[in-house]
Every structure is written in C-alpha cells, then in structure tokens.
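Open the model in your viewer and keep the sequence panel beside it. This tour goes from one selection to the next.

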Amino acid sequence: MILDVPRFRDRADAGRQLAAALIGFAAADPLVLALPRGGVPVGFEVAKALRAGLDVLLVRKIGAPGDPEYGIGAVVDGENPQLVLNEEAMALVQPSDDYVEAEKRRQLLEIERRRNLYLGSRPAAPVLGRTVIVVDDGIATGGTVRVALKALRKDRAGHVVLAVPVAPRETLDLINPDVDEVVCLATPEPFVAVGRYYENFEQTTDTEVVRLLQQAERFENKSSMQSAG
C-alpha cells in the first residue's frame, strides 16, 4: 500500500499521518518497534493511535577487521538478539569465527547499554507470532532497516509491517521481500534525503526518546487495564 501525501511538519506530524494509514492494524494487538532515535517520535504517535505497545529496535553494525566502517553484518536487539551476516562481505573479508564472535559480544554490550539508557531494566518485548510494525522517520538506502527486518524473520514474528513516512520507491522494492506489508506515505522522485521532506528535522535527543518511551508505557498500561475491565 503506497500513498502520496504532502511533506511533514515534524516527526510527530509524520507519526500521526502514518497512524491514520495503519489504523486497520489496531485490532491485531500489534507491537510497534521504532528505530532510535528519529523513529521513536514517529513510532510513539503510531503506538498511541493503535493503543499498541512501543519498544525500540536497536541495530549495531559489525565492521570488518581493520576497517570498522565496512559492515560485514549486524547485531539486532530483541528478546533473543540476532546476528545477521552479509554473505557477500563475509566471503570477501573472510574474518575468523573468533573475530565475529568477539565483535558480536562487544556490540551486544553496547545494545544493552543503550537499552538500559532508554528503558532501564525493561526487557525487550517478545515478537514470536505477533504483528510487528517497524517504524522509522524515513528511509534512504534501507541498509539498517533490512537487517532489522531479517532479524525479526529469524525471531519468527507473525506478520511484519514496515511503516515509514517517506522513502525512495527503489529502496522499498529491495525491502519488499523481507516484509509482509509496506506502508509508506510518500515516495518522491527524485529522492533527495529524508530530512528534505520535513519542515522541522532537528535531531532527536536521548532525553526525548526516554520521555516518549516512558509516556508510551503509561498509556499502554492504561489500555491494558481498560481492556481487562
């Protein structure tokens, strides 16, 4: 489902517009997973509208030996953190198993540090069998999102939806095999950069991420109490 809409005032506005396109998923009791930091204000609005749980999905790149910027894989946060390797890069670099394992442990520690920063002791939400909506503030090349989606597949999420305000159509075509559905509000041609389609695209701070996640936990708990009543 691809819809065309105007540009966005800010991430909250983009989240509200995205929520309107996703409202049909509310009955599925979805879990919204936002990619920090910019995806959290967008995901917050989606989770609020759908009365859904909100969590962060942390992805850490594993760089090649001696060249950390060249990604050979990534570790993705979750109830069971997943290692996703780039087969082409692995064949080219041929790192040792010990190197990959050590880097995996190092990145898992960084993921744990960031999760503690954002959510304290709250564990990652389970995705097994669930409808999961992965949200970001936009996609350019889609590398990080694709890794996250592959990890959710390995973690046996039930129905995976990618939801973003804006992305190039060719990137969405590459991502399509990794998801059950894509909801994107705008696919401008030519695509310039995600921030170009926002009036306000100031960097999201860690403080804002923490505040929104705490707020989301409160309305999630309230919704659960109302459902039980």
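Which residue forms a salt bridge with Glu103? Select Glu103 and Arg106: their closest N and O atoms are 2.9 Å apart. A salt bridge here is a side-chain nitrogen of Lys or Arg within 4 Å of a carboxyl oxygen of Asp or Glu.

Before moving on, note the ground rules. This is a predicted model, in which local features need pLDDT of at least 70 and side-chain atom pairs count only at pLDDT 80 or more, while totals for chains, interfaces and linings use all residues. Residues are numbered from 1 along each chain as its sequence is written, and side-chain values use heavy atoms, leaving out hydrogens and water.

**Helix α4**

Now show residues 97-119, helix α4. Helices (H or I, at least four residues) and strands (E, at least two) are DSSP runs, numbered from the N terminus. Glu103 and Arg106 sit 3 residues apart in α4, so about one helical turn separates them. Glu103 is buried, at 13% relative accessible area. Buried means under 20%, exposed over 50%, and partly exposed in between (1.4 Å probe, protein chains only).

Go along to Glu110 and Arg113. Their side chains also meet in a salt bridge, at 2.9 Å from N to O. Both residues lie in α4, 3 residues apart, about one turn of the helix. Glu110 is buried at 18%, whereas Arg113 is partly exposed at 45%. Next, pick Arg16, Glu45 and Lys48: salt bridges with shared partners join these residues into one network.

**Helix α2**

Select residues 39-50, helix α2. How many of the 12 residues of α2 are buried? The count is 10, so the helix is largely enclosed by the rest of the structure. Among the buried residues are Gly39, Pro41, Phe44, Glu45 and Leu50.

The expected span is 1.5 Å times one less than the number of residues. For the 12 residues of α2 that gives 16 Å, and the end C-alpha atoms are 16 Å apart, which agrees. Step past the helix to Arg51, whose phi is positive, near 55°.

**A link across the chain**

Finally, select Asp206 and Arg37. A salt bridge joins their side chains, 3.4 Å from N to O. The pair connects distant parts of the chain, 169 residues apart: Asp206 is in helix α7 (residues 206-228), and Arg37 is in the loop between β1 (31-34) and α2. Asp206 is partly exposed at 27%. Arg37 is partly exposed as well, at 29%.
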